[in-house]
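Here is a short note for a colleague who is opening this model without having seen it before. Please read the points in order, with the structure on screen.

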Amino acid sequence: MTGANGFIAAHCVAKLLLSGFSVIGTVRSEAKAQSVLRSHSNHPSLSLIIVEDVTKPGCFDTAIAGCDGVLHLAAPFGYVYTNFETEKSVKRVVLTSSFASVYDASKGQDPGKTYTEDNWCPLTYEDGKNASAAPIAYRASKVLAEKTAWNFITSNEVAWDLVTLCPGMVFGQLLPGTIGSLKELNTSNGIVWSLFDAENLPDTKAPSMNPPVTHVLLG
(Lines give C-alpha, C1' and ligand atoms only; values in the text may rest on other atoms or scores of the structure.)
Protein backbone atom coordinates (compact mmCIF):
# COMPACT_ATOMS: atom_id res chain seq x y z
CA MET A 1 0.00 0.00 0.00
CA THR A 2 1.47 3.33 -1.03
CA GLY A 3 0.87 6.41 1.10
CA ALA A 4 0.10 4.40 4.23
CA ASN A 5 0.02 7.52 6.40
CA GLY A 6 -2.94 9.07 4.57
CA PHE A 7 -6.51 9.47 5.84
CA ILE A 8 -8.03 6.86 3.53
CA ALA A 9 -5.00 4.60 3.87
CA ALA A 10 -5.27 4.52 7.68
CA HIS A 11 -8.76 3.03 7.43
CA CYS A 12 -7.66 0.61 4.71
CA VAL A 13 -4.73 -0.60 6.82
CA ALA A 14 -6.96 -1.08 9.87
CA LYS A 15 -9.55 -3.02 7.88
CA LEU A 16 -6.96 -5.26 6.22
CA LEU A 17 -5.24 -6.05 9.53
CA LEU A 18 -8.60 -6.80 11.14
CA SER A 19 -9.34 -9.18 8.27
CA GLY A 20 -6.11 -11.08 8.85
CA PHE A 21 -4.00 -9.72 6.01
CA SER A 22 -0.32 -8.83 6.25
CA VAL A 23 0.23 -5.26 5.11
CA ILE A 24 3.33 -3.60 3.70
CA GLY A 25 2.98 0.17 3.51
CA THR A 26 5.17 2.90 2.11
CA VAL A 27 5.75 6.33 3.59
CA ARG A 28 8.24 9.07 2.78
CA SER A 29 10.07 9.45 6.09
CA GLU A 30 11.05 7.55 9.24
CA ALA A 31 8.92 9.91 11.33
CA LYS A 32 5.83 9.03 9.29
CA ALA A 33 6.68 5.33 9.53
CA GLN A 34 6.81 5.48 13.32
CA SER A 35 3.56 7.46 13.43
CA VAL A 36 1.75 4.86 11.30
CA LEU A 37 3.09 2.00 13.43
CA ARG A 38 1.96 3.73 16.65
CA SER A 39 -1.50 4.45 15.25
CA HIS A 40 -1.96 0.72 14.58
CA SER A 41 -0.49 -0.32 17.95
CA ASN A 42 2.64 -1.75 16.29
CA HIS A 43 0.59 -4.59 14.81
CA PRO A 44 2.87 -7.57 14.01
CA SER A 45 1.36 -7.94 10.53
CA LEU A 46 2.16 -4.35 9.54
CA SER A 47 5.53 -3.26 8.18
CA LEU A 48 6.61 0.05 6.67
CA ILE A 49 9.11 0.82 3.93
CA ILE A 50 10.45 4.32 3.41
CA VAL A 51 10.28 5.59 -0.17
CA GLU A 52 11.55 9.15 -0.11
CA ASP A 53 11.16 9.86 -3.83
CA VAL A 54 7.99 8.32 -5.23
CA THR A 55 8.70 9.69 -8.73
CA LYS A 56 11.80 7.51 -9.11
CA PRO A 57 11.19 4.57 -11.49
CA GLY A 58 11.15 1.26 -9.63
CA CYS A 59 10.87 2.92 -6.22
CA PHE A 60 8.06 0.58 -5.14
CA ASP A 61 9.60 -2.65 -6.45
CA THR A 62 10.85 -3.79 -3.03
CA ALA A 63 7.59 -2.90 -1.30
CA ILE A 64 5.30 -4.85 -3.66
CA ALA A 65 7.52 -7.90 -4.12
CA GLY A 66 5.47 -10.98 -3.23
CA CYS A 67 2.24 -9.04 -2.70
CA ASP A 68 -1.11 -10.29 -3.98
CA GLY A 69 -2.59 -6.82 -4.40
CA VAL A 70 -1.52 -3.19 -4.52
CA LEU A 71 -3.50 -0.26 -3.12
CA HIS A 72 -2.03 2.90 -4.61
CA LEU A 73 -3.09 5.73 -2.31
CA ALA A 74 -0.16 8.14 -2.55
CA ALA A 75 -0.97 11.03 -4.88
CA PRO A 76 1.81 13.59 -5.30
CA PHE A 77 1.63 15.99 -8.26
CA GLY A 78 3.62 14.86 -11.27
CA TYR A 79 3.60 11.21 -10.24
CA VAL A 80 4.97 8.76 -12.79
CA TYR A 81 3.47 5.30 -12.55
CA THR A 82 5.73 2.42 -11.65
CA ASN A 83 5.80 -0.62 -13.93
CA PHE A 84 4.17 -3.38 -11.88
CA GLU A 85 4.53 -5.94 -14.65
CA THR A 86 7.68 -7.45 -13.15
CA GLU A 87 5.80 -8.37 -9.94
CA LYS A 88 4.10 -11.58 -11.06
CA SER A 89 2.41 -12.17 -7.70
CA VAL A 90 0.19 -9.09 -8.03
CA LYS A 91 -3.38 -9.91 -9.04
CA ARG A 92 -5.01 -6.51 -8.69
CA VAL A 93 -3.99 -2.87 -8.49
CA VAL A 94 -6.45 -0.47 -6.85
CA LEU A 95 -5.80 3.16 -7.75
CA THR A 96 -7.43 5.89 -5.68
CA SER A 97 -8.10 8.50 -8.32
CA SER A 98 -10.60 11.35 -7.94
CA PHE A 99 -13.84 12.73 -9.32
CA ALA A 100 -11.53 15.48 -10.55
CA SER A 101 -10.41 13.10 -13.31
CA VAL A 102 -14.03 12.67 -14.43
CA TYR A 103 -15.55 16.13 -13.99
CA ASP A 104 -15.48 18.81 -16.69
CA ALA A 105 -15.54 22.01 -14.61
CA SER A 106 -16.19 24.14 -17.69
CA LYS A 107 -19.73 22.70 -17.86
CA GLY A 108 -20.64 23.73 -14.31
CA GLN A 109 -22.42 21.50 -11.83
CA ASP A 110 -24.60 19.88 -14.51
CA PRO A 111 -27.24 18.50 -12.08
CA GLY A 112 -28.84 15.20 -13.05
CA LYS A 113 -25.93 14.06 -15.19
CA THR A 114 -24.87 10.42 -14.84
CA TYR A 115 -21.12 9.94 -15.09
CA THR A 116 -19.58 6.79 -16.55
CA GLU A 117 -16.12 5.51 -17.44
CA ASP A 118 -16.45 7.44 -20.72
CA ASN A 119 -16.36 10.80 -18.96
CA TRP A 120 -13.01 12.53 -18.53
CA CYS A 121 -11.80 15.88 -17.37
CA PRO A 122 -10.54 17.62 -20.57
CA LEU A 123 -7.48 19.23 -18.93
CA THR A 124 -4.09 18.47 -20.45
CA TYR A 125 -0.53 18.43 -19.14
CA GLU A 126 -0.02 21.95 -20.46
CA ASP A 127 -3.22 23.10 -18.74
CA GLY A 128 -1.87 21.82 -15.44
CA LYS A 129 1.63 23.16 -16.00
CA ASN A 130 0.38 26.66 -16.81
CA ALA A 131 -2.55 26.65 -14.36
CA SER A 132 -3.45 29.92 -12.69
CA ALA A 133 -4.78 28.17 -9.58
CA ALA A 134 -3.95 25.01 -7.62
CA PRO A 135 -7.37 23.32 -8.18
CA ILE A 136 -6.80 23.39 -11.95
CA ALA A 137 -3.35 21.84 -11.58
CA TYR A 138 -4.80 19.22 -9.24
CA ARG A 139 -7.54 18.21 -11.69
CA ALA A 140 -5.01 17.97 -14.50
CA SER A 141 -2.70 15.81 -12.41
CA LYS A 142 -5.49 13.37 -11.50
CA VAL A 143 -6.78 12.87 -15.03
CA LEU A 144 -3.26 12.42 -16.41
CA ALA A 145 -2.36 9.93 -13.68
CA GLU A 146 -5.46 7.80 -14.24
CA LYS A 147 -5.16 7.89 -18.02
CA THR A 148 -1.53 6.81 -17.73
CA ALA A 149 -2.62 3.79 -15.71
CA TRP A 150 -5.32 2.77 -18.19
CA ASN A 151 -3.01 3.35 -21.16
CA PHE A 152 -0.47 1.04 -19.56
CA ILE A 153 -3.14 -1.67 -19.22
CA THR A 154 -4.13 -1.44 -22.89
CA SER A 155 -0.53 -1.27 -24.16
CA ASN A 156 0.95 -4.13 -22.14
CA GLU A 157 0.10 -7.73 -21.36
CA VAL A 158 -0.23 -7.88 -17.59
CA ALA A 159 -1.37 -10.61 -15.22
CA TRP A 160 -3.34 -8.24 -13.00
CA ASP A 161 -6.41 -6.06 -13.35
CA LEU A 162 -6.84 -2.39 -12.51
CA VAL A 163 -9.58 -0.84 -10.40
CA THR A 164 -9.86 2.94 -10.06
CA LEU A 165 -11.90 4.71 -7.41
CA CYS A 166 -13.03 8.29 -8.08
CA PRO A 167 -14.43 9.84 -4.89
CA GLY A 168 -15.55 13.46 -4.76
CA MET A 169 -14.82 14.52 -1.20
CA VAL A 170 -13.74 12.21 1.62
CA PHE A 171 -15.36 12.92 4.98
CA GLY A 172 -15.39 10.74 8.04
CA GLN A 173 -14.01 9.85 11.43
CA LEU A 174 -10.26 9.87 11.84
CA LEU A 175 -8.59 6.69 12.97
CA PRO A 176 -7.36 7.48 16.53
CA GLY A 177 -3.70 8.41 16.69
CA THR A 178 -3.22 9.10 12.98
CA ILE A 179 -2.63 12.85 13.34
CA GLY A 180 -0.92 14.97 15.96
CA SER A 181 -2.98 18.15 15.52
CA LEU A 182 -5.92 19.55 13.59
CA LYS A 183 -3.45 21.17 11.19
CA GLU A 184 -2.77 17.66 9.84
CA LEU A 185 -6.39 16.99 8.84
CA ASN A 186 -6.92 15.64 5.35
CA THR A 187 -8.17 18.27 2.91
CA SER A 188 -11.83 17.19 2.87
CA ASN A 189 -12.21 16.98 6.65
CA GLY A 190 -10.28 20.25 6.87
CA ILE A 191 -13.10 21.99 4.99
CA VAL A 192 -15.59 20.83 7.62
CA TRP A 193 -13.31 21.93 10.46
CA SER A 194 -12.86 25.37 8.88
CA LEU A 195 -16.58 25.98 9.48
CA PHE A 196 -15.92 25.81 13.23
CA ASP A 197 -12.45 27.31 13.35
CA ALA A 198 -12.86 30.94 14.44
CA GLU A 199 -9.26 31.76 13.44
CA ASN A 200 -9.61 30.64 9.84
CA LEU A 201 -12.96 31.49 8.29
CA PRO A 202 -13.76 29.52 5.13
CA ASP A 203 -14.24 31.32 1.83
CA THR A 204 -17.76 32.71 1.44
CA LYS A 205 -19.63 34.76 -1.14
CA ALA A 206 -21.52 36.57 1.61
CA PRO A 207 -20.00 39.77 3.05
CA SER A 208 -18.12 39.32 6.30
CA MET A 209 -18.36 41.82 9.16
CA ASN A 210 -15.38 44.09 9.82
CA PRO A 211 -14.44 44.13 12.60
CA PRO A 212 -15.64 40.57 13.18
CA VAL A 213 -18.31 39.88 15.79
CA THR A 214 -17.66 37.13 18.30
CA HIS A 215 -20.69 34.98 19.09
CA VAL A 216 -20.80 32.94 22.27
CA LEU A 217 -22.95 29.83 22.42
CA LEU A 218 -24.30 29.11 25.88
CA GLY A 219 -25.76 25.76 26.74
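**Notes on the model**

1. Start inside the sheet. L71 has V94 of β4 as its bridge partner. H72 is bridged to L95, also in β4. In total, β3 and strand β4 (residues 92–96) pair in the parallel sense over four bridges. Pairing here requires that DSSP finds at least two bridges between two strands. Helices (H or I, at least four residues) and strands (E, at least two) are DSSP runs, numbered from the N terminus.

2. A word on what you are looking at. This is a predicted model: local features need pLDDT of at least 70, side-chain atom pairs count only at pLDDT 80 or more, and totals for chains, interfaces and linings use all residues. Residues are numbered from 1 along each chain as its sequence is written, and side-chain values use heavy atoms, with hydrogens and water left out.

3. Now the overall picture. The protein has six helices and five strands. Along the sequence they follow the pattern α-β-α-β-α-β-β-α-α-β-α. Of the 219 residues, 32% are buried. Buried means under 20% relative accessible area, exposed over 50%, and partly exposed in between (1.4 Å probe, protein chains only). Take the contacts between residues at least 6 apart in sequence: 50% of them join residues at least 24 apart. Contact means heavy atoms within 4.5 Å.

4. Back to the sheet. Three strands form an open sheet in the order β3-β4-β5, with parallel pairing. β3 (69–72) and β5 (161–165) stand at the edges with a single partner strand each, so one side of each has no neighbour in the sheet. Neighbouring strands are turned by 15° against each other on average, direction ignored. Five bridges join β4 to β5.

5. How enclosed is β4 by the rest of the structure? Four of its five residues are buried, so β4 is largely enclosed. T96 lies in this strand. Its relative accessibility is 14%, so T96 counts as buried. Leaving out residues up to four places away in sequence, T96 touches I8, H72, L73, K142 and L165.

6. Look next at D161, in strand β5. With 32% relative accessibility, D161 counts as partly exposed. Beyond its neighbours within four places in sequence, D161 is in contact with K91, R92 and V93. The C-alpha atoms of D161 and V94 are separated by 8.6 Å, although the two residues are 67 apart along the chain.

7. A helix covers part of this sheet. Helix α5 (residues 134–155) lies across β4 and β5 and runs at about 165° to β5. Axes are lines fitted to C-alpha atoms, for helices over the stretch in contact, and angles run from 0 to 180 degrees between N-to-C directions.

8. Which residues of helix α2 (residues 30–39) are buried? They are A33, V36, L37 and S39. Seen down the axis of α2, they fall within an arc of 165°, so they line one face of the helix. The arc is that of the directions from the helix axis to the C-beta atoms. The buried residues of α2 pack against β1 (23–27) and β2 (46–50). On the other side of α2, A31 and R38 are exposed. S41 follows α2 and has a positive phi, near 55°.

9. Last, the rings. Rings of Phe, Tyr and Trp (its six-membered ring) pair if their centres lie within 6.5 Å; planes under 30 degrees apart count as stacked, over 60 as edge-to-face and the rest as tilted. The count comes to three aromatic pairs. F99 and Y103 are stacked, at 5.5 Å centre to centre with 20° between the planes. F152 and W160 have ring centres 6.2 Å apart and planes at 10°, so this pair is stacked. F99 is partly exposed, with a relative accessible area of 28%, whereas W160 is buried at 8%.

10. One cluster deserves a look. Ring pairs link F99, Y103 and Y115. K113 lies over the face of Y115, at 5.4 Å from the ring centre. A charge sits over a ring if NZ of Lys or CZ of Arg is within 6 Å of the ring centre and within 35 degrees of the ring normal.
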